[in-house]
Amino acid sequence: MLGNFVYCNPTRLYFGEQALDGLQKELEKYGENVLLVYGGGSIKKNGIYDAVMRILQSCGKHVIEDGGVMPNPTVEKLYEGCARAKEGKADLILAVGGGSVCDYAKAVSVSAYCEQDPWEKYYLNMEDVDNQIIPVGCVLTMVGTGSEMNGGSVITNHAQKLKIGHVFGDNVMPKFAILNPKFTFTLPKYQMTAGFFDIMSHILEQYFSGEDDNTSDYVMEGLLRSLIHSSRIAVNNPTDYEARSNIMWIATWALNTFVAMGKATDWEVHMIGQSIGAYTDATHGMTLSAVSIPYYKFILPYGVQKFKRYAVNVWDVDPAGKTDEQIAREGLDRMEAYMKEIGLVMHISELGVTEDMLEGIADGTFIMQGGYRVLTHEDVVQILKASM
Ligand code: NZQ
Ligand code: ZN
């Protein structure tokens, strides 16, 4: 049965080859000072920086630059961004980049005027925002996280060996997001496929939970089928607009809060993946791909019926003459074969994880309550060992 909920998603999306035309309309709504946030330089190479700058200048904006946001943004970078936003009296934070840049922009948005230490307040203590928020808009260049239309913001603290996400409310979600699939064509293949699996993982985290009959599960099966289909095309031809645009839209749907409404969710794969990220700084999507098959094999006995449904409805496993468990396992086998086919990382050792890190990674893994099995510390270690 669907639980009760209030649903609101305030992000205005501009989608398609002309999406950047929407930027001017949005910029007119905000004051003069724009904090322009971007990553390590990809936007300067592919021309997106110049295109955005032209629009900012034509709107008469005063631009304060804040580049160099690293993948898996750090708490030190957050402090730096807060100072810059405050000093420049930013009226808008414009994030031009992937999930890291968007997440960082949201973190600066809630932290610039926060009197306490934002790492402690928002990430360690999960407190709500009670200070001024600087509005965020984004121009997306990397597909996967869904950060363009959600309140999520993940920050890494290397000194404490913790990578933590805070899901802020709708007042922190981007006010607008520009989604031009062509902006993602220059992504290196490793990042592109990591993003594909991030999308798949977001859907699975919300699918493998609960045993009730709810509409979201049907929606998610459709999203998964479309993702599998389009990602196979995109891996062979990264400039196939039809495939890349479908994937961009699936990514947004996968984590714009819609499919989670009224149903239980898991998120344990992300908790393990984030802890791996805190130790290795590895690419987010690959931390998920490397642990997913061992995790799902581990919990399968506790949720056989859902894994059977997944096998039949998503992977077209023929159920005739097989036990429920055989059908369920065949589904995971097909998923594993697909993951290898598109070139995902299947072992955490390839991400720099060594045996002596496993206990620490398990210590840094938050244990969720919504999956088919609530893991113990030993369970996490066992899954990590199976992922090596
Ligand atoms: O920094 P630059 O030079 O721009 O290069 C980036 C970066 O190296 C590059 N890139 C991005 N767009 C490109 C491009 N290169 C060429 N052409 C383009 N068009 O790609 C690399 C990765 O970018 P990043 O933003 O780090 O990737 P992603 O979008 O996967 O974001 C990862 C971060 O998001 C968090 C992750 O934990 C991680 O910190 N997540 C955020 C979520 C949310 N807000 O809800 C949920 C996710 O589960 C995830 O945890
Ligand atoms: Zn993710």
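# Questions about a predicted model

Me: How many salt bridges does a search of the whole structure find?

Reply: This is a predicted model, in which local features need pLDDT of at least 70 and side-chain atom pairs count only at pLDDT 80 or more, while totals for chains, interfaces and linings use all residues. Residues are numbered from 1 along each chain as its sequence is written, chains are lettered from A and ligands numbered from 1 in the order in which they are written, and side-chain values use heavy atoms, without hydrogens and water. A salt bridge here is a side-chain nitrogen of Lys or Arg within 4 Å of a carboxyl oxygen of Asp or Glu. With that rule, the number of salt bridges found is 21.

Me: How far apart are the closest N and O atoms of Glu 221 and Arg 309?

Reply: These two residues form a salt bridge. The pair links distant parts of the chain, with Glu 221 in helix 8 and Arg 309 in helix 12 (residues 304–315), 88 residues apart; helices are DSSP runs of H or I with at least four residues, strands are E runs of at least two, and both are numbered from the N terminus. Both Glu 221 and Arg 309 are buried, and buried means under 20% relative accessible area, exposed over 50%, and partly exposed in between, with a 1.4 Å probe and protein chains only. Their closest N and O atoms are separated by 2.5 Å.

Me: Is Asp 130 buried or exposed?

Reply: Asp 130 meets Lys 121 in a salt bridge at 3.2 Å, N to O. Lys 121 also forms a salt bridge with Glu 127, at 3.6 Å between the closest N and O atoms. At 3% relative accessibility Lys 121 counts as buried, whereas Glu 127, at 31%, is partly exposed. Asp 130 has a relative accessible area of 60%, so it counts as exposed.

Me: Which residues does Asp 217 touch, leaving out those up to four places away in sequence?

Reply: Asp 217 belongs to helix 8 (residues 215–236). Its relative accessible area is 0%, so it counts as buried. Contact means heavy atoms within 4.5 Å, and by that rule Asp 217 touches Tyr 207, Asp 212, Lys 263, Lys 306 and Arg 309.

Me: Which residues coordinate the zinc ion (ligand 2)?

Reply: Donors are N, O and S atoms within 2.8 Å of the metal (3.2 Å for Na, K and Ca), and water is not among the atoms, so sites may look incomplete. The zinc donors follow the spacing D-x3-H-x67-H-x13-H along the chain. Asp 198 and His 202 both sit in helix 7 (residues 189–207), four residues apart, about one turn of the helix. At 2.0 to 2.2 Å, the zinc ion is coordinated by Asp 198 (OD), His 202 (NE2), His 270 (NE2) and His 284 (NE2).

Me: How many of the 13 residues of helix 10 are buried?

Reply: The buried residues of helix 10 include His 270, Met 271 and Ile 272. They pack against strand 6 (152–157), strand 7 (162–167), helix 7, helix 11 (284–299), helix 14 (358–363) and helix 15 (377–387). Helix 10 is mostly covered, and its count of buried residues is twelve.

Me: How far apart are the end C-alpha atoms of helix 10?

Reply: The expected span of a helix is 1.5 Å times one less than its number of residues. For the 13 residues of helix 10 that gives 18 Å, which agrees with the distance between the end C-alpha atoms, 18 Å.

Me: What phi does Thr 257 have?

Reply: Most residues other than glycine have a negative phi. Thr 257 lies in the loop between helix 9 and helix 10, and its 22% relative accessibility makes it partly exposed. Although not a glycine, Thr 257 has a positive phi of about 80°.

Me: Where is Phe 258 found?

Reply: Phe 258 forms a nonpolar surface patch with Leu 2, Phe 5 and Tyr 7, together giving about 350 Å² of accessible area. Patches join residues with over 30% relative accessible area and no salt bridge, like charges within 9 Å and nonpolar side chains (Val, Leu, Ile, Met, Phe, Trp, Tyr) within 5 Å; accessible areas come from the Shrake-Rupley method with a 1.4 Å probe, and for residues only the protein chains shown count as cover. At 33% relative accessibility, Phe 258 counts as partly exposed. Its place is the loop between helix 9 (241–254) and helix 10 (268–280).
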